[in-house]
Amino acid sequence: MESRNFPEDSAAYNLEDDYHDDRVTYDHKCSLRDAPPILSSRFKSPESLGFKIRQWFLIDRDHPQTRRLYRSTYLFRTELTRHVKSDYWYTIHPFSKFRFFWDCWLLVYIYAILLIIPLVMSFAPSLMRGHHLYLLSAVVNVLASVEILVNCLTGSSREKYHRNISLNPTRIFLNYLRGSFLIDFIFALPSALFAKAFTFEEAWIRTTLNVLSALIVLKLVSVRLIWRYLMNIFERYKLEMIQYYVVRLILVSGLFIHWCICVYKLGVVIVENPEYGLDEPWDQHVEFLRDMDNGILNRYGKCFATVLFYLFVLSFGELGIPKTVHGKILAAICIVIGICFQMYLFLQFFKIIAIKSSSKRKYAAAISQLEAYMTMKQFPREMKNRLMYYYEKKFEKCYFAEDKIIETFSGPLRNQIIDNRAVRFYQKVPIFQGIPEHFLLLLARNMEKEIYLPNDMIMKAGTVGSAMCFIYSGSVAVYTQSGKETEHLHDGDHFGEIALFLKNKRLVNVIAIEFTQIFVLRRKVFAEFVRPEHELYQRFEKVAKERMQQTLLEEEQHKNHLLMENVGTNNE
């Protein structure tokens, strides 16, 4: 399908017939001047302290969420530019380096709060008196206030996948209000000072603080955040996910048993036993736990042994079978909770076993086979590194046979999966704007997806083209035949449009700068679905003509430049 608007004399844009470059990779050394550091619009010198500090609050390339949602350099730089140039440039990006390490601190802080407060309430009520009370309360208040401040300055999103980050402080605060603000605000209130201001009786102050401290149960809502923070740590430092599930199980089990111990101790000492003297071992046990002179560790150890026996239904320990109603009720509650806890442990254990034999395990097996194959074929180190990089990027450490999986679905489900991918694709391409969705879906279904590694040659000058390409994610560099680098193309851009209209040799080399995914539109498919009178046909035709003229002009100018350089060198 040739266009009447293109010149019939193909010699005007054909490349020389003696082009014999058979390379499949190309060592890309960027000759285009990179854009100046985006932060230079705010700070003059990259060496300034302000410049280095501000980098900690901007989107970080190594953050796990950045690698997941902003895979290509183009998407990353677009988000970075949006943040720096916005009116709210002072806010903290949720995927920044500062926020990552702040989340690491929150992981320790929240877990410590969930351990310390019930311990203090159960085993160290003396700390809830005098200056100890105000010191402990002040520390919790300050840390909670700082947490509120940081959360109010951190960008947020109500979307599940956080693709659109809001940097507006008003929207950030409104999102925070819908979340955990109330819980954090309760912990930030100087409760001890308020209680002291309204009453001088220390008993009332302790009672008020005990009630507020009991609200620590609300902080359990933050446990789900702990697992997200922990997951980010494992992903950032590329640790095995099986280790993450083991660590999470240990943390959950430790917290659960600790709370059981603290609640058990409160249940023992708070309730007055009307049957005193009926069960001597139980009476001695209660008196031991009530005696403050026995020390926190001794009393905690005694409760630990008793609760552990009850939870795992090992025996009744040194207490024997309880004879009092009080003891029987506590023992029965612990045993029921213990049975549920054991069921949870078994389920988690089988989950870990399943994960070990799941896609991640298959990925490890696939990598082992790949390594054995490369060793047998005696590939050079550089090729081995490229193959390993390809596997890592393509499967993201989760091996799956996509074709076999899709075959198991029904026809409508397969079409829905393909359409979902097509929608995400054509929404990125500006030239498709305004074109009916049903037509774009039909076109996208007939495109082919290809993957290229850095320095791979996607398009070679001098070869006859039969398709154009759309960049789904990644970046490419465009070179003329004489070696002049003319531009970089990114997500949503396209190249090779001339091949849809003319069966001539390519004018440029296109090299992948980073891991790049493209969709290929063949000339045959284009001719079948896009008629000359269609608006999309006219758009592509216009772009192809402009690209061809611009490329020929740049090639001619570069050749003249090289010729002048050679003449000058010879004269010298």
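These questions and answers walk through a predicted model of one protein chain.

Residues are numbered from 1 along each chain as its sequence is written. In this predicted model local features need pLDDT of at least 70, side-chain atom pairs count only at pLDDT 80 or more, totals for chains, interfaces and linings use all residues, and side-chain values use heavy atoms, with hydrogens and water left out.

Reader: How many helices and strands does the protein chain have?
Author: Both kinds of element are DSSP runs, numbered from the N terminus. A helix is H or I over at least four residues, and a strand is E over at least two. The count for the protein chain is 21 helices and eight strands.

Reader: What share of the residues of the protein chain count as buried?
Author: Buried means under 20% relative accessible area, exposed means over 50%, and partly exposed lies in between, with a 1.4 Å probe and protein chains only. The protein chain has 572 residues. The buried share is 41%.

Reader: What share of contacts between residues at least 6 apart in sequence join residues at least 24 apart?
Author: A contact means heavy atoms within 4.5 Å. Among contacts in the protein chain between residues at least 6 apart, the share joining residues at least 24 apart is 75%.

Reader: Which residue in β6 stands opposite cysteine 469?
Author: Strand β3 covers residues 467-473. β3 pairs with β6 in the antiparallel sense over two bridges. Opposite cysteine 469 stands phenylalanine 495.

Reader: How many residues of strand β4 are buried?
Author: Strand β4 covers residues 476-480 and is mostly covered. Val476, Val478 and Thr480 point one way, while Ala477 and Tyr479 point the other way. In a regular strand the side chains alternate between the two faces of the sheet. The buried count for β4 is five of five.

Reader: Which glycine in the turn between β4 and β5 has a positive phi?
Author: β4 and strand β5 (residues 485-489) pair in the antiparallel sense over four bridges. Tyrosine 479 has glutamate 485 as its bridge partner in β5. The two strands form a hairpin with four residues between them. With a phi of about 100 degrees, the residue is glycine 483.

Reader: Which residue in β7 stands opposite valine 478?
Author: β4 also pairs with strand β7 (residues 508-512). That pairing is antiparallel and runs over five bridges. Opposite valine 478 stands valine 510.

Reader: Is glutamate 555 buried or exposed?
Author: Glutamate 555 is found in helix α21 (residues 535-571). Leaving aside its neighbours within four places in sequence, glutamate 555 is in contact with Thr480, Gln481 and Ser482. Its relative accessible area is 10%, so glutamate 555 is buried.

Reader: How many residues of helix α7 are buried?
Author: Helix α7 covers residues 181-188. The buried residues are Phe181, Ile183, Asp184, Ile186, Phe187 and Ala188.

Reader: Are α4 and α11 roughly parallel or oblique to each other?
Author: The axes of helix α4 (residues 97-123) and helix α11 (residues 241-270) come within 9 Å and cross at roughly 15 degrees. Angles under 35 degrees count as roughly parallel, over 145 as roughly antiparallel, 65 to 115 as roughly perpendicular and the rest as oblique. Therefore α4 and α11 are roughly parallel.

Reader: How are α12 and α13 placed, oblique or roughly parallel to each other?
Author: The axes of helix α12 (residues 280-290) and helix α13 (residues 296-311) come within 9 Å. They cross at roughly 140 degrees. Therefore α12 and α13 are oblique.

Conventions: Two strands pair if DSSP finds at least two bridges between them. Axes are lines fitted to C-alpha atoms, for helices over the stretch in contact, and angles run from 0 to 180 degrees between N-to-C directions.
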